[in-house]
Every structure is written in structure tokens, then in C-alpha cells.
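Okay, thanks for making time, everyone. I'd like to walk you through one model today, so let me get it up on the screen.

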Amino acid sequence: MVWLQVTHHKQYPPNTTHVYSYFESRGGKFPTTVFFGLQYILKRWLVGPVVTKEMVAEAKDVYKKHFGKEYFNEDGWNYIVEHHKGYLPLRVRAVPEGMVVPTKNVLFTVENTDPKCYWLTNFFETLLVQVWYPMTVATNSRYQKEIIAKYLNETADSMVGLPFKLHDFGFRGASSVESAGIGDCAHLVNFVGTDTIAGLMVARNYYNCDMAGFSIPAAEHSTITTWGKDGEIEAFRNMLTQFPTGLVACVSDSYDIWNACEKVWGGELKDLVVQRGATGSTLVVRPDSGDPPEVVVKVLEILGNKFGTTMNGKGYKMLPDYLRVIQGDGISYETLGDILINMKKHKWSADNLTFGSGGALLQKLNRDTQKCAFKCSSCIVNGKEVNVFKKPITDPGKNSKKGRLSLELQDGNFVTVQEGKGNPEKDQLVTVFENGKLLKEYSLDEIRERAQIDIVKELKPKN
């Protein structure tokens with residue numbers, strides 16, 4: 001209770017008994033959003049008896065020192081302790097996690113269930129709005145999946161590798177261990193490749209998924225350059241012998257990526273690379289510098305010349321099964337397409353390449369990426385229900401919705417029905433939390449299923 005709206009209980013009209021608010025994406029970078037992460041917030045912070053007399057006493061002390069005056073609603077919080085045994089008298093209704101919803105639609109609503117706790121609804125705005133982060137990561141990740149899927153669909157014989165095509169490298173670039181965990185779990189709604197272990201634990205502890213993502217042994221520059229420039233060949237050989245079977249990735253640009261591909265992998269160590277292939281094992285060569293579209297194609301051309309290529313059913317070149325490439329530098333929604341376009345131009349199948357992404361996947365976004373907002377739209381004052389809204393003359397984009405809301409499918413399109421005029425039987429919002437209890441829990445498996453891209457509908461050729 002030491003982070004949120006403290007003085008609001010004094011600011012509502014007299015005889016207010018009910019406050020109803022909603023959360024939406026008002027627009028932003030992407031036209032749809034993948035709703036994800038509310039369950040984490042609810043289970044982490046709000047489920048169960050979360051308020052005690054000791055907490056109330058501490059909050060009173062903190063806020064008195066913070067404001068210099070007695071503003072804290074001590075009576076209100078003690079009422080929750082005494083009459084609700086520390087459980088929060090709130091109701092949260094939300095779209096199912098993993099649902100892909102066009103922007104400018106309600107995603108969840110919050111209201112108090114005890115008339116004496118009208119002030120509680122918006123007290124938790126700050127916390128609940130933090131769903132913007134996992135929601136935006138999941139959205140960004142899914143849009144990158146669409147790009148990769150498009151080029152796989154056009155240049156590969158199979159889409160089976162799609163879930164492994166964007167690997168999370170973002171742990172070290174995240175702002176905290178917690179944000180890395182939340183963000184990676186959001187990415188894992190769409191993919192199954194990650195090096196961010198914190199995300200696996202979020203999926204395990206909050207989304208009932210025993211193992212959400214997978215990885216392989218992979219070299220980094222320190223484990224290669226400690227051998228010295230003259231020892232790079234032995235460093236590479238060590239990777240192949242230490243991990244004689246399965247997938248192994250080796251960063252190869254510490255000094256000269258072209259020499260590494262042509263003279264080392266394609267020369268001195270070629271036989272060892274090929275021999276590993278007899279056991280179904282694969283070397284993944286990783287360039288990590290330079291202009292990605294040009295570097296990736298040149299690496300593919302050198303490796304193709306040295307190891308040979310085959311033509312797939314769609315007329316695009318494939319490296320042998322024992323050899324692949326991963327591009328982990330400069331990868332974002334904005335750059336993926338350029339790399340894949342250049343590969344297609346040079347007749348290389350997208351199936352030769354996997355991507356790794358760090359900061360652009362987990363960190364280069366904010367609440368305004370999808371223009372997320374939490375607004376009050378209805379209240380009851382003196383026993384009368386009142387539609388509440390804002391309509392700033394200086395920015396129509398910040399206009400808010402009115403009254404009680406429902407999200408309905410009309411002719412196959414999502415529509416937010418306002419002013420309490422919705423049909424409860426058609427409402428897509430589900431009561432997920434009520435009076436301190438989680439009423440609906442989603443597993444990561446069902447969330448993934450809901451967020452799946454539709455190859456037919458979403459991957460139509462674009463000019």
C-alpha cells in the first residue's frame with residue numbers, strides 16, 4: 001500500500017458509493033494488442049488477504065512523513081481488514097489472456113463491490129496499468145512472428161520451425177529481474193526460444209507451465225576471445241567437441257566473420273561440422289556485427305559455397321541440415337523485414353535463419369507504445385448511476401469511454417458497447433477476480449493457442 005493514489009478518497013463527490021473504471025489501448029504502434037499479464041499482477045499482488053493492521057499502520061506512518069499531513073485513509077483500510085479480513089472488495093472483468101483485440105476497445109474493467117470502498121477502484125490504477133508492459137511485449141513479439149511467418153510461408157517448405165525463430169536475448173538489457181521475467185513470459189506467448197530464465201519461472205509460478213522455453217549451448221565473445229586471436233580455431237573446435245551432439249551456436253565475428261566462415265568452418269573444421277551432421281546435430285553460426293541484411297546474406301553465400309546447398313520445393317536455397325545461421329544483433333520489428341527481404345532477393349529460404357533479440361524485444365517500448373490508459377467511466381452518487389468521461393478540447397485522442405462497458409463481437413469485429421447498453425450474453429469480458437479471489441486462471445498453453453497467428457487471414461501477400 002505504499003505506491004498508489006492516496007488522497008483520492010477525499011476527492012470524489014459526497015455520497016459516492018460506486019466507482020467503475022476500465023483499461024484500454026487507445027491506439028499506438030500496432031493496430032491490435034495481445035492481452036497478457038493481468039493474471040501475473042493479480043496473483044502477485046492482489047489475491048488473498050493482502051491487507052493487515054500492521055501494513056495499515058506502516059502506510060499511515062510513511063504517508064504522513066511523505067505529505068507532511070494526515071491524508072491516508074486509515075479508517076477505510078482498517079474497515080477492509082476488519083470487515084473483509086484483508087481481502088480486497090473489488091471485481092475485475094477482463095478479456096481472456098492471449099486474445100488479440102483491436103486497439104480502442106476495453107480490455108478490462110474494475111469496480112468496488114462494497115459501497116464503503118468506492119475509493120478502492122482507482123487506488124490500484126498504478127499497479128493494474130502495469131499490464132501495459134507484458135501486453136506490449138506480447139504484441140511486439142507477435143507482430144515479429146507475423147513477419148517471420150510471412151517469409152517462411154513464401155520461401156520454406158514447412159512452418160514447423162516458426163516457434164523457434166525469435167529467441168529472447170534480453171535478460172541483461174532489461175531494467176530488472178522482475179521485468180525480464182514478465183517480459184520474457186510475454187514473448188513466450190508467441191515463441192519457445194529464450195535465454196531469459198526469469199521468464200521460465202514466471203510461466204511456471206503464474207501460468208501453470210512447467211517449461212515454457214528452450215535453449216542450446218551457445219558461445220559468447222568472452223569464451224572465444226579468451227583463446228586469443230590465434231586460438232580462434234581451437235575455440236571453435238572446442239565448441240564442437242564439448243557439445244558433440246545436438247544444436248550448438250558459435251559467435252564467429254570476434255575478428256573476421258568472412259574468414260571464420262570460409263577458412264575455419266568451411267575449411268579446417270569442415271569435416272568435423274559434417275561429421276556431427278551424421279548424428280542429426282547442427283552448428284549454428286552467429287554473426288554479431290555489421291549491417292544485418294548484407295552480413296546475413298554474405299554469410300549464407302560463403303557457407304553455401306563451402307558446404308553446398310539444395311533447392312527446396314519453393315525454389316529457394318537451403319544449407320545442409322547440419323548448418324544454420326542466427327542473427328542476434330540489431331533485431332527488432334523494424335529490421336526483421338529488411339533481412340528477410342534481402343534473403344528472398346538472393347533466393348535464400350527464411351528457414352536457414354533464426355533471430356535473437358534483446359533490448360528491442362523487452363526494453364525499447366513504453367506505456368505510450370500502445371497508448372495504454374485507465375479511466376473512470378461510471379459511478380454511483382446519491383444512488384444514481386452517472387456516466388463519467390473526459391473529452392479534452394486539446395487532444396481528441398484522449399477522449400474516454402462512457403458508462404459501463406462490454407466488449408462484443410458484431411459481424412466478426414470487436415466493438416466496445418458503452419453506457420450500459422451491451423448484451424451480457426455477448427460480452428467477451430470474464431470475471432477473473434472478485435473480493436480477493438482469482439475466479440478464472442489461464443494456463444500458458446491455452447493463452448498460446450488463443451494468440452496463434454492465422455496463416456490464411458494474417459499472412460496475405462502485401463505490396
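Helices (H or I, at least four residues) and strands (E, at least two) are DSSP runs, numbered from the N terminus. Now, the caveats: this is a predicted model, so local features need pLDDT of at least 70 and side-chain atom pairs count only at pLDDT 80 or more, while totals for chains, interfaces and linings use all residues. Residues are numbered from 1 along each chain as its sequence is written, and side-chain values use heavy atoms, with hydrogens and water left out.

Let's start with strand S1, residues 16–25. Which strands does S1 pair with? One is S13, residues 372–381, which runs antiparallel to S1 and is joined to it by nine bridges. His18, for instance, has Ile380 of S13 as its bridge partner. Another is S5, residues 106–112, also antiparallel, over five bridges. There, Glu24 stands opposite Val106.

Is S1 buried or exposed? I call a residue buried under 20% relative accessible area, exposed over 50%, and partly exposed in between, with a 1.4 Å probe and protein chains only. Nine of the ten residues of S1 are buried, so the rest of the structure largely encloses this strand.

Next up, charges. Side chains of opposite charge can pair when their charged atoms come close. My salt bridge rule is a side-chain nitrogen of Lys or Arg within 4 Å of a carboxyl oxygen of Asp or Glu, and by that rule we get 22 salt bridges.

Take Glu441 and Lys43, whose closest N and O atoms are 2.5 Å apart. Glu441 is in the loop between S18 (437–438) and H16 (444–451) and Lys43 is in H1 (residues 38–46), so this pair ties together parts that are 398 residues apart in sequence. Both ends are partly exposed: Glu441 at 41%, Lys43 at 26%.

Glu154 and Lys150 are a local case, with 2.9 Å between the closest N and O atoms. They sit four residues apart in H6 (residues 132–155), about one helical turn. Glu154 is partly exposed at 21%, whereas Lys150 is buried at 15%.

Then there's Lys165 with Asp351, at 3.2 Å. Lys165 is in the loop between H6 and S6 (166–168), and Asp351 is in the loop between H14 (333–345) and S12 (353–357), so here the parts tied together are 186 residues apart in sequence. Lys165 is buried, at 5%. And we also have a network: Arg91, Glu111, Arg404 and Glu434 are joined by salt bridges that share partners.

On to helix H11, residues 257–268. Which of its residues are buried? Ile257, Ala260, Cys261, Val264, Trp265 and Gly266. Down the axis of H11 they fall within an arc of 165 degrees (taken from the directions from the helix axis to the C-beta atoms), so they line one face of the helix.

Most residues other than glycine have a negative phi. Lys104, though, has a positive phi, near 70 degrees. Lys104 is in the loop between S4 (100–102) and S5, and it's exposed at 54%. Asn208 is positive too, with phi near 50 degrees. You'll find Asn208 in the loop between H8 (197–206) and H9 (221–225), exposed at 63%.

That's my tour, thanks.

Conventions. Two strands pair if DSSP finds at least two bridges between them.
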